[in-house]
Amino acid sequence: MTATTTKDTQRTSESPEQHAEHAGRSVSAGVFNPKQLWSSLPDALRKLNPRHQLKNPVMFVVWVGSVLVTVFAISDASVFSIATALWLWFTVLFANLAEAVAEGRGKAQAESLRRTKKETVARRLGANGLEERVPGIDLKIGDLVVVEAGEVIPGDGDVVEGIATVDESAITGESAPVIRESGGDRSAVTGGTTVLSDRIVVKITTKPGESFVDRMIALVEGASRQKTPNEIALTILLSVLTIIFLLAVVALQPMADYSGKQQSVIVLTALLVCLIPTTIGALLSAIGIAGMDRLVQRNVLAMSGRAVEAAGDVDTLLLDKTGTITFGNRRATEFVPVGSSTVDDLAAAARLSSLADGTPEGRSIVELCVERHGLAVEAGANELAGEFVPFTAQTRMSGIDLNGRQVRKGAASSVRAWVVEHGGVVPDEVNTVVDGISQDGGTPLVVAELSEGVASVRGVIRLSDVVKPGMRERFDELRAMGIKTVMITGDNPLTAKAIAEEAGVDDFLAEAKPEDKMALIRKEQEGGKLVAMTGDGTNDAPALAQADVGVAMNTGTSAAKEAGNMVDLDSNPTKLIEIVEIGKQLLITRGALTTFSIANDLAKYFAILPAMFVAIYPGLGKLNIMHLHSPNTAILSAVIFNALVIVALIPLALRGVRYRPSSAKALLRRNLLIYGLGGVIVPFAGIWLIDLVIRLIPGIG
Amino acid sequence: MSDTGAGFVQLGILLVALAVVYRPLGDYMARVFTSKKHLKVERVLYRVVRVNPDSEQRWTTYAAGVLGFSFVSVVVLYLLQRLQSVLPFNFGRGTLDPATSFNTAVSFVTNTNWQSYVPETVMGHTVQMAGLTVQNFVSAAVGLAVAVALVRGFVRAKTDRLGNVWVDIVRGAVRILLPIAFLFAIVLIAFGTVMSLTKGVDVTGPDGVQHTIALAPVASQESIKELGTNGGGILNANSAHPFENPNSWTNLIEIFLILVIPVSLTRTFGTMVGNKRQGTALLAVMGILWAGMLTLIWWAEAHPNGPAALLAGAGMEGKETRFGIPSTALFANSTTGTSTGAVNGAHDSLSGLGGGGALLNMLFSEITPGGVGTGLYSILVFAIIAVFLAGLMVGRTPEYLGKKLGRREITTASIAILAMPTLVLIGSGVALMMKDTAGALGNSGAHGLSEVLYAFASTSNNNGSAFGGITVTSNFFQSTLGVCMLLGRFIPIIAVLCLAGSLASQKRVPESAGTLPTTGPQFVTMLAGTVLLVAALTFVPALALGPIAEALA
């Protein structure tokens with residue numbers, strides 16, 4: 001129903017590489033368009049309903065105050081009383097507006113998701129193996145359905161047969177198709193996505209209406225939003241402050257009476273509204289909704305607000321080595337010639353053997369030749385004639401036969417055997433080099449050549465895990481934030497240690513089995529720590545469920561997605577770090593605006609108290625340090641400032657306070673300075689300026 | 001030596017003395033409350049009241065123990081006063097009326113020692129010694145017990161046990177309060193404080209008129225009156241009376257006694273939680289606020305409104321010439337910053353700003369450095385609120401000393417903080433609406449309002465010092481002020497014990513670079529700021545019509 005443009009809400013979809021490049025930057029701001037304020041107005045007006053206001057104790061007090069002042073303003077109309085009543089209503093309205101704007105963005109997202117929920121007709125496989133056509137909503141858990149190219153998958157499930165490319169852009173916003181196949185960790189498919197090629201059989205795993213898209217819609221709409229533990233604690237504190245101010249204002253009347261001048265209800269209400277923490281009270285729910293929304297903008301779905309909050313508290317991050325810390329595949333990083341060969345000889349031989357090798361390792365060898373040795377990327381005309389010898393499990397080698405020359409590369413033992421078989425001699429040097437590379441955590445590939453009947457070893461290629469750029473800096477930041485990083489890998493301890501040192505993680509778990517992961521999480525939690533991890537496989541599910549923040553990859557199995565409390569639609573494990581930052585940002589925004597809100601009260605006292613009592617005790621006029629025009633303009637200025645500051649802070653509430661990873665001490669210093677000290681100073685300036693303007697209103701007094 | 005110079009010398013001696021005992025006394029108190037051994041005399045006591053000293057209690061049982069003990073104490077003290085006519089050493093001073101008896105019983109059991117009677121004319125020595133002095137000891141011991149239970153909440157993990165309330169009260173009284181009070185009673189006698197069981201001496205004044213100068217067992221009550229931050233004088237003029245506080249040495253000793261336990265308790269806290277700097281941080285907050293308020297009161301008294309008033313010696317109105325302005329300011333600041341309420345001058349005669357300072361000291365919720373035990377638990381409650389707000393600003397669920405501050409902790413801490421302002425504001429408001437109040441006030445205008453505000457602040461904070469000027473013997477004041485004392489004492493105690501239970505049941509979160517540090521200047525500033533802010537926001541409107549209006553006139 002909101003007119004929010006889709007442009008504002010389109011999820012930015014970044015490839016994993018882009019994310020890696022962004023390593024080290026601070027959490028980016030969410031979008032805010034001033035037009036949203038206008039378009040959310042109808043929603044904000046609807047929220048003036050007292051039943052809605054009851055949910056927020058602070059704003060409910062303002063609402064009651066507005067009613068009260070309106071009644072008194074009508075019975076005793078003056079420019080001042082009517083203006084005060086109006087601005088009190090604006091205060092309530094602005095609070096509603098903040099919430100409406102935050103919700104509006106989610107609603108637009110839900111709208112676009114709903115469009116993907118078309119009525120589908122499923123081709124259900126009967127027990128007899130025959131297909132029958134049934135409406136998608138009639139599917140039950142366990143049903144098998146056939147989906148072919150061009151068809152929409154009717155429900156969430158796992159591929160049990162076949163392999164297919166699937167367009168998941170409806171959910172992830174990522175236009176590149178993904179592969180889904182039976183067995184393994186890439187078997188989960190989501191209802192509403194489209195099969196682009198081939199044929200698969202899907203076993204349905206969720207009931208219609210409870211599918212992933214349904215849950216996503218409910219989440220982004222905020223329908224299932226509940227107050228998080230920290231939000232509840234803060235609400236209690238704000239309510240207590242409200243009670244204190246209520247008492248202070250109520251008790252003021254007999255004191256004023258005793259002192260010689262009763263105060264009008266309008267003035268007392270204005271004082272109360274200015275003192276209670278309306279700024280944070282008005283923005284609190286918007287902050288929570290926007291926090292979830294910031295995750296959604298990064299294509300992460302949090303199943304609960306609690307999970308987002310927990311992300312800010314995380315003490316230990318478990319990161320899978322492959323794909324998170326290192327690139328998914330090993331890459332050639334060095335050529336080590338042996339015997340009489342030179343590096344150039346070795347590079348030439350290695351390139352030749354890899355030209356037709358389509359594996360990532362093979363390609364990385366060619367790339368290294370191009371970068372370091374200036375060799376050609378494409379095969380020359382004479383080279384095309386060569387016959388490629390593919391890698392097999394038996395030979396454990398690959399290579400090329402060209403003009404009577406045979407080049408082979410492969411595991412050290414296989415190549416050694418091949419050389420010996422062809423009458424060559426393998427120098428001891430080879431063993432030394434191979435062992436050295438292994439110990440450093442690399443994988444040695446030995447290159448040998450048989451030409452003119454002589455077999456000899458040319459040298460060794462070092463394949464290494466390449467740590468993604470910027471990871472070390474990221475881990476340093478995390479350390480500064482007090483977060484320990486643990487790398488999880490199936491590698492042997494030696495290899496794991498080398499990579500852990502290179503990447504700069506605090507700890508590693510080598511030769512990790514799923515139960516080891518689980519044990520590690522339990523151990524950390526025993527010590528009172530909160531643990532976050534990512535996972536995609538079914539065997540990750542128990543650990544995902546055990547972790548305080550478990551981020552399942554969207555490519556993963558449904559079991560993993562079910563177990564985690566967040567799903568990353570981009571399936572980018574590095575994003576865990578961003579999730580932690582968003583969680584922290586959410587809490588910081590709450591704290592900063594609360595501090596700001598309370599610090600504001602000082603200036604309001606200086607505006608309102610002299611205005612109220614200068615008639616009784618002229619000496620109190622000395623407190624009017626802003627030299628406000630008259631008691632009426634002073635009080636009205638404070639009320640107007642109090643209302644306007646809410647609108648002014650809506651963008652900040654939605655975007656979140658700027659967060660740069662640093663120690664608690666540095667963060668606190670910065671935020672106390674900006675929001676504490678700033679909160680003291682800003683209202684003095686604001687109220688003074690507003691007073692300069694409203695003193696010109698005729699009849700204000 | 002000039003008055004001011006003498007003041008600085010006394011201040012210096014006081015600070016050095018406190019610094020010297022800080023560590024040994026603080027660590028000794030920590031040992032008292034963590035030791036497994038029972039003294040022989042304690043064992044006898046436990047056997048008499050049939051308590052197993054090695055069993056531990058949940059917060060509810062602990063709280064029930066505190067409430068039950070206090071209830072019995074009130075009843076016994078009430079009866080002692082109502083039956084005074086049949087007690088020995090009554091010197092013909094008869095039974096006290098029900099309103100006064102109730103008010104006094106509540107006052108001494110809640111460690112307030114608000115006195116709506118003239119002791120030397122209405123209280124006999126039996127009620128004084130067996131009733132009031134005993135409560136001076138045990139009400140302070142109760143405060144200690146509650147504070148220790150809260151500290152245990154931080155120290156312990158995953159348990160519902162907070163310790164044994166009977167053991168804590170007995171140990172506080174037997175091992176801490178009794179020995180120190182005994183020692184200093186002797187010291188005070190040596191410096192000239194009176195100790196006598198006679199009624200008094202009859203003398204003929206220079207004008208030929210017969211006077212009876214009252215005597216009493218002063219020294220024995222004087223030392224615990226200050227040490228236990230009680231403040232109820234055995235003579236009406238309290239520490240302004242030469243028999244209670246004869247000279248500047250006794251004056252200094254009494255100030256030292258007022259401050260010594262609340263100050264050293266921060267060390268006890270640091271030792272018990274295993275990080276002494278945590279205690280130092282709290283002490284720094286207390287010290288900064290105490291020093292700030294002392295400066296304010298001292299300056300205000302030395303600069304009364306206008307040069308004419310200064311020349312006329314207006315600053316000395318209501319002060320003893322043997323103490324002068326600095327010593328009176330030092331005493332007033334210390335007695336209102338703790339929950340003592342003893343006075344060595346008339347607070348009603350303090351200048352607008354000076355009296356406001358004394359009032360504000362109490363409105364800080366008594367944490368500069370606060371009463372015995374109450375000061376520590378009150379400032380810890382403030383620390384929880386401060387850490388909650390600041391903790392959010394570092395992006396974590398706030399935690400203090402390894403304990404997460406969630407819904408329950410914030411609720412209980414809020415209740416503990418909310419009790420006092422509620423009582424002061426509603427009480428003063430209601431009192432000012434009563435027609436009779438204007439007649440009970442010694443002054444009209446802003447100063448009259450200060451008198452009412454001071455009375456409710458003093459009772460609701462269990463301070464007990466009197467601004468004077470206001471007549472509080474009407475049934476309305478006797479009962480409302482009595483209720484303020486009761487609620488002001490026990491609502492925070494129950495909330496604090498519930499908080500302790502909640503903290504103890506949590507597991508301990510390890511500290512990391514991402515944890516908000518709760519030591520160091522940053523935290524000290526923040527905590528002091530929170531205390532100032534809460535007090536200022538709550539009471540500035542009321543103060544504006546009282547002391548501020550007076551000061552700006």
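Modeller: Asn462(B) is placed in the loop that runs between helix H17 (445–460) and helix H18 (475–505) of chain B. The model is a predicted one. Although Asn462(B) is not a glycine, its phi is positive, at about 55 degrees. Most residues other than glycine have a negative phi, and most peptide bonds are trans. Asn462(B) has a relative accessible area of 6%, and because buried means under 20%, Asn462(B) counts as buried.

A further loop of chain B, the one between H13 and H14, holds Ser365(B). Ser365(B), likewise not a glycine, has a positive phi of about 75 degrees. With a relative accessible area of 14%, Ser365(B) is buried. The loop between helix H13 (352–363) and helix H14 (374–393) of chain B also contains Pro369(B). There the peptide bond that leads from Thr368(B) to Pro369(B) is cis, and its omega is near -5 degrees.

Another positive phi belongs to Thr229(B), near 45 degrees; this residue follows H8(B). Helix H8 (residues 218–227) of chain B is largely enclosed by the rest of the structure, because nine of its ten residues are buried. Among the buried residues of H8(B) are the charged side chains Glu222(B), Lys225(B) and Glu226(B), and also Val218(B), Ala219(B), Ile224(B) and Leu227(B). The partners against which the buried residues of H8(B) pack are four helices of chain B: helix H6 (125–155), helix H7 (165–190), helix H9 (248–273) and helix H12 (324–337).

In the domain assignment, chain B has domain 1 (19–274) and domain 2 (371–552). A distance of 23 Å separates the C-alpha centres of domain 1 of chain B and domain 2 of chain B. Across the boundary, 46 residues of domain 1 of chain B are in contact with 46 residues of domain 2 of chain B.

Chain A may be described in brief for context. Its secondary structure comprises 26 helices and 22 strands. Chain A has a radius of gyration of 33 Å, whereas a compact globule of 701 residues would have one near 27 Å. The C-alpha trace of chain A spans about 115 × 60 × 50 Å along its principal axes. Of the 701 residues in chain A, 56% are buried.

Notes:
Residues are numbered from 1 along each chain as its sequence is written. Chains are lettered from A and ligands numbered from 1 in the order in which they are written. This is a predicted model: local features need pLDDT of at least 70, side-chain atom pairs count only at pLDDT 80 or more; totals for chains, interfaces and linings use all residues. Side-chain values use heavy atoms; hydrogens and water are left out. Helices (H or I, at least four residues) and strands (E, at least two) are DSSP runs, numbered from the N terminus. The radius of gyration is taken over C-alpha atoms; the globule rule is 2.2 Å times the number of residues to the power 0.38. Buried means under 20% relative accessible area, exposed over 50%, partly exposed in between (1.4 Å probe, protein chains only). Domain bounds come from an automatic or database domain assignment. Contact means heavy atoms within 4.5 Å.
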